[in-house]
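Reader: Could you take me through this complex, please?

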Amino acid sequence: MIRLPLVFALAALIALPAYAGEFYVNLASQVLIAAIVAMSLNLLVGYGGLTSLGHASFVGFAAYVYAWLTTRLGAGNGVASVSALAATTGLACVFGLVALRATGLAFLMITLAFSQILWGLAYRWASVTNGDNGLSGITRLAPFGMSLDSAAGFYWMTLGVSLVAFLAIAAFAGSAFGATLRGVRDEPRRMAALGYNIRLIRWITFVYAGFWAAVAGLLYVNYNKYIHPSSLSIANSAEGLLGVIAGGSGTLGGPIAGAALITVLKNYSSAYVERWNMLLGFVFLAIVLVVPEGIVPGLQRLSAHWGVRKQ
Amino acid sequence: MQFWIIQILNSLALGGLLFLLSSGFSLIFGLQRIANLTHGAFFMLGAYIGASLLREHIPGIDFWLAALIAGLLVALLGGLLERLVLRRLAGNPLGQVLVTLGVAFIISDACLMIWGGDPIPVPTPQAIARPLIVGKLAFPTYRLVVVGIAFAVAAGLYVLLEKTRLGAMIRAGVDDMQIARAVGIRVSVLFTCVFCLGAGIAGAAGVLGGPIFSAYPGLDADMLPLALIVVILGGVGSLVGAFIGSFVIGAIYTFGSTLFPDVAYFILFLPMIVVIAYRPEGLFGRSRA
Amino acid sequence: MTTPALDIQNLFKKFGGLPATRDVTMRVEVGERRLILGPNGAGKTTLFNQITGDIAPTSGSIRLFGLEITGLPPSRRAHLGIARTYQIITLFQKDTLEHNVMLALLGLSRRRYDMFRSLASMPQMREKARRALGQVGLDQLGQRKVSELSYGEKRRLEIALALAQEPKLLLLDEPMAGLSTNERATVRNLIASIPRSTTLVMIEHDMDSALSLVDKVTLLHYGQVLVDGDRESAVAAPQTREVYLGL
């Protein structure tokens, strides 16, 4: 069923470089990358009921592997991409096996600890990661010889990858497996009694989410042509989580909206506010305290509340 | 030999500081089920407060008083956080965690704004600045003192928990919140007390760690994961677990950093993985059946 | 002697120092209907939890159709043919009745790992779900959300989920608790209509409702088996009177 508004939106997105300046096209690329991260994280948070503060580590790890393979080993972009995806998915397999021994807050703490360890490694294993200097000198991949150095070119590739990601994640979430995932989130004991392997279901989701985070990581490193340990920081994971929560983890599209909001906020606020982390912290507080279910459902709730009071 | 003495004392001192940090975290989590991600920031804030107090050379304020003042101020901040913010999110553990994370960001950027980006050194207290010479070996006195303080605090917390009414109430609350309420324990006051205690200890610990680490931006991000690993390893809510875990992690981190500097951080991974693989509730944690 | 459906030998469960299950030995034959009676705290649900695998016993063995199942996780036991209902409602409140039953059907099917097709696109399963709902008289409410149901209807849905698994051993934990007289009659008829291919073990607090449905009765008190026999002798046994008059 093709809905007309979606078709228009898609057309508008595709035609973006025709009517928007380079700054906005680049911003759109950033938003799309953040959206992929948010959607993949939401598989864990919204659908799986597993809040992770370590998702950025998959994004960053893929970026580092790609950067290292292309700049240090001189590997081709294709080989580096596939290797980065494989390595990150493997990392997610291992992380998942350990972290999913726990649930709830313990799981959160383990993902946080894991991600900090990876961040610490990125900073200190300077012989490999070049520490605080980061890895630079990356050239954007050029599929089939087409250069993606222009803002528009990169944007179109990102748009294409994003659409594939969205469709894949949406299909996963809406599938029979997705239904079992939600069941595990809501009543794990009941699901076990019905014959479901709870740990396996959660682990598969964790790995799948990690895979798409890796895809976002590849786009990220190609966009920036640079990777720095700060991309693996808790702040980055927190930003991603904030995007999911701000948009509303209960829906498919919510995280996309939330990620867009956070990305735009970050870009614009850097002109006025020096301390992004502090602003991030305040936004966290505001959202969790005022509209915990997400901005859109929250505003609906608040306006209904005020509307009733006026009467 | 001298090298090993230094390393051992370094690791013991780190273990002691980690215990001070993680004991508060463990108590708060055990009692209120809040994973207080602000804890690292409390430590850092304490360090900065202590460092700037000492920098001014205010007559009468020596190292120990500075630590006490820092502890009290951070405890106050913790109390405000608990009462004004976390209280509203009762029953929403995820929200509480996210909020503590947000506050951690705010505090860490505020410290950057107030004290700038350069590390502020904290001078070792005069009286114990000189090493203890035994025979041909020199023992860094301050580190010995830190270990001593950690042991003293551990003993104090033990006495508090096991021998006092307040401690009994805390243990009751950790065991079963509903029943504790039902027998009349003022849970609300208890929560604030424990949160303040945990925060205060972390803040004072920040000053105590000053001569070793100084106060620098990012201290919170360095300490928090270590505390988390200690708590995960030792078992949440268990003081014994926090004690043992702290010294284990202190040792691994110190010796790891010296012997395998590049991947020391990674080595910390391993005991945590091993423990979680076999006992997800930590070495001394209670399994939540 | 044929293999019993459920063979429990010397089962012990201690929580800390507290013994919840003390040397319980029980044999339930295939097709039998067994009632487990006992006052509150007798350890009835704890016994169920050990049979389903939610709790590990301290010692003793549990055999399902001859197979030792101690140590197997609950999900494996579901695949071996155990289904149960719970005392507290553990239904998927935000989903429709049909969705709830489909999850029960999916649990034992290979399709549960299908990451492409949605549940809606599995017409055969939906048909089965509708029939399962029909069995408990809830087919008209298939598209309603569970949260909209009355308590009695939710209890019936619990039973529908368990029956949908086509279990070989069905454990019902106080299926009639909290129901009105009419609802009780409906549930009693429902239980009576379960085919003998399913072995039934039921916990009920109230003797009167459940007695006519069962062949044998086991009385538990303080975790121990006090009485174990067919209906008439169990009711006549002095311990039964003691335990129930003492209430």
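Predicted model: local features only at pLDDT ≥ 70, side-chain atom pairs only at ≥ 80, totals over all residues.

Reader: What does chain A average in pLDDT?

Author: The average for chain A is 88, and 97% of the residues score at least 70; pLDDT is the predictor's confidence in each residue, from 0 to 100.

Reader: Which element of chain A has the lowest mean pLDDT?

Author: That is helix 15 of chain A (residues 295-310), with a mean of 72, whereas helix 11 of chain A (residues 198-224) has the highest, 96. Helices (H or I, at least four residues) and strands (E, at least two) are DSSP runs, numbered from the N terminus.

Reader: How many residues of chain C are in contact with chain A?

Author: 24 residues of chain C meet 19 of chain A, contact being C-beta atoms, placed from the backbone, within 7 Å. Helix 2 (74-79) and helix 3 (97-106) of chain C each supply at least two residues of that side of chain C. Helix 2 of chain C gives the most, four residues.

Reader: Turning to the sheet, in what order do the strands of chain C run?

Author: The four strands form an open, antiparallel sheet in the order 2-1-4-5, where pairing requires at least two DSSP bridges between two strands. Strand 2 (18-28) and strand 5 (67-68) of chain C are the edges.

Reader: How many bridges join strand 1 to strand 2 of chain C?

Author: Seven. C:Lys13 has C:Thr21 in strand 2 of chain C as its bridge partner.

How values were computed
Residues numbered from 1 in each chain as written. Chains lettered and ligands numbered in written order. Contact = placed C-beta atoms within 7 Å.
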